[in-house]
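Hi,

Here is the structure I said I would pass on to you. Have a look at it when you get a moment, and then read on for what turned up.

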There are 4 protein chains.
Amino acid sequence: MWRMSADPIEKLSSLFERFPGIGPRQAQRFVQFLLRSSPAIRRELMDGVRELGSSVHQCPECMRYSAGNKGLCAICADNNRDTGLLAVVSSDGDLLALERSHTYRGRYFVLGGLISLASDKINGLRLSELTTSLSQRADAGLQEIILAFPANPEGDATAIRVREELAPIGLIHGFKVSTLGRGLSTGSELEYADPDTLKSALDNRK
Amino acid sequence: MWRMSADPIEKLSSLFERFPGIGPRQAQRFVQFLLRSSPAIRRELMDGVRELGSSVHQCPECMRYSAGNKGLCAICADNNRDTGLLAVVSSDGDLLALERSHTYRGRYFVLGGLISLASDKINGLRLSELTTSLSQRADAGLQEIILAFPANPEGDATAIRVREELAPIGLIHGFKVSTLGRGLSTGSELEYADPDTLKSALDNRK
Amino acid sequence: MWRMSADPIEKLSSLFERFPGIGPRQAQRFVQFLLRSSPAIRRELMDGVRELGSSVHQCPECMRYSAGNKGLCAICADNNRDTGLLAVVSSDGDLLALERSHTYRGRYFVLGGLISLASDKINGLRLSELTTSLSQRADAGLQEIILAFPANPEGDATAIRVREELAPIGLIHGFKVSTLGRGLSTGSELEYADPDTLKSALDNRK
Amino acid sequence: MWRMSADPIEKLSSLFERFPGIGPRQAQRFVQFLLRSSPAIRRELMDGVRELGSSVHQCPECMRYSAGNKGLCAICADNNRDTGLLAVVSSDGDLLALERSHTYRGRYFVLGGLISLASDKINGLRLSELTTSLSQRADAGLQEIILAFPANPEGDATAIRVREELAPIGLIHGFKVSTLGRGLSTGSELEYADPDTLKSALDNRK
């Protein structure tokens, strides 16, 4: 039986529109690019997506997606990383941002999102996975949990919620729970800083 | 024999970097998006790219890529379009931009690029395909060829070159060759318009 | 008698806020700049404003403000300018913009504003001064009146209104009334042009 | 003897070009604005500048410019402000920014600039005035000097230099010298934060 298929250009274009930060016009440009490309490029893209799906898996410890070994990801498997520190981040992207800065040598846990202020819903966040993992991490020497969320209302609301979740088990193990420091970010002028940032900069002077 | 494959995340990420307007960071975000997505989404993307490759073909008349029938594209097959007008555009994207404006009812020819001022190279431009097609178009009633290129140095250089190419055959058939009008674009203030635009606006007053 | 004066910083700051494009913060920076400046700079500013007020006058022909001779401004007094062309502009700034482009050699008339779409009020516009001046300009050889307004709704509404005003006298003298050409402005890409601009570019092709 | 004066429009325009953040085009718009304005507005501006020059003076304690009383400025005269804290700022503008944030209740000292990295020159900075004032401030209870400079290389270089200057007298009186806290400023996303800011945010976590 023959099925009338939708226009493949339209179909692929609306798929690209689901990509983060991509609007209809750029989605169309992507399709135009693939149309003009050689079959080899399209083949490479299909293969790349297939490989991604088959070889990548979620690290059972930090929950981020990585490729290669089926067990722990490269960071969680690295014995040189400090097991005393655990940075809880919102997304794989934020984890990678911290890695790029070469300033953090502890472990990670990817929460999988932030609390949305609109819906206040927390489903999807790996809160129970986080708390469950803490006993084992305590045995491995965990001392401080750093809530490394963005400096915005969603990040703040998520930090409050995570602190509540961690309170009982934190008491048992004596974890310290901290949040990232606020203040002037590099390049900030006092004249253009908002009052909250100036307040943090004053409070956190040193 | 087993081949050590590169990290699929890196591989796919550098592939997305080749997409128009995409830098390393957004390429990584695309991969992260696909990692978080369900297998169904990745399957849809692979299928979409495969279908694009198999079902899309180049219209033999306007040279743009479209999907569906193997013959003429929807525009070239539309008998209600004016065969007296031929807009020569740089890219499929510019063709689509003119279509979106709903102001042009003639035919198209996609040149496949512009002359690069750096290299002045014209290989890749479908100049011979354009001139070859003109006898047949003359029989179909073609009277005016509109060079619809962007208002920048590359567009201007391409228009000069195409006019040269069209001169002999244009003389035979008596085609008019025109370029898009220059002047104030919507929203322009005189104070912020460049001298060239003001000159065009004065020259083309009416 | 002693008068309690308001804070001179506040007073001057709120005066600068009336300057075109200046908000409270930049107004304050201006005052800080004058505070830090030497008395000579402040003196220069006062003298400059005083001189402006005393020596500048409005040209009785084009109605723009200029300095120097009490009679015609430099442009209106220039016998090498084409008396056959009259550009009607909204403001002195638009007149200066056309002069900077070195593409116009006719005469000017400054209307003194545009019709506001919100209020549709035309008081303040020198419509009667314009029509009154036309008999004399006709004697001097005027043939075409160019409505050189910005390419926005206010400019368009003003052009319609001015055409209505000019219709009776225009018929008598046989003036042509034109508006600035619309189309692609320098640097425009087709993909990012709005439909109106593309329509004008097609309509005004040549 | 009669001196041919320059065009008052040009003269005033080039004066406005010296204003902070003002280029030739906006300077011209300012002059056009004053030309169109009533004589009363021009008079107000002249009076405002004159008053500024005559009534404003520099506070002998914080060195900022203010108006009204000949003695201390309103902040330095306010007995409710904490004499234990002294914020050293670069400019009057930065002082006002801290005041607008309503987060600081101590005293101020305006240094009058930052060290320029290009020239490394410090002339113009009120370094000796600052150190000289500290004995008296010590008697008034000063305990901490906050170097409230912008988070950029000039601000950092200035902080280093001021710390050197303060070292001898600081030791005598036991002052603490602090700088504003660095970290995520309000609204910061981890993904777009620079490595220095992430490092500060981690170092200053709490």
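Two residues are taken to be in contact here if their C-beta atoms, placed from the backbone, lie within 7 Å. Please keep in mind that this is a predicted model.

Let me start with chains C and D. Their contact draws on 35 residues from chain C and 34 residues from chain D. On the chain C side, at least two residues come from each of α1 (8–16), α2 (24–36), α3 (39–55), β2 (65–67) and α4 (92–100). Which element gives the most to this side? That is α3(C), with twelve residues. Sorted by class, the side of chain C that touches chain D holds 18 nonpolar residues, along with nine polar and eight charged ones.

Next, chains A and D. Chain A can be superposed on chain D by a rotation of 180° with 0.1 Å of shift along the axis, at an RMSD of 0.1 Å. This is the relation of a two-fold axis. Within chain A, G183(A) has the C-alpha nearest that axis, at 2.2 Å from it. Both copies use the same surface, as 100% of the contact residues of chain A recur in chain D.

Lastly, a word on how chain A is divided. Domain 1 covers 8–47 and domain 2 covers 65–179. Between the C-alpha centres of these two domains of chain A there are 35 Å.

Happy looking, and do write back with any thoughts!

Best wishes

Key
Residues numbered from 1 in each chain as written. Chains lettered and ligands numbered in written order. Predicted model: local features only at pLDDT ≥ 70, side-chain atom pairs only at ≥ 80, totals over all residues. Helix = DSSP H or I, 4+ residues; strand = E, 2+ residues; numbered from the N terminus. Nonpolar A, V, L, I, M, F, W, Y, C, P; charged D, E, K, R; others polar. Domains from an automatic or database assignment. Least-squares fit on C-alpha atoms with pLDDT ≥ 70 in both.
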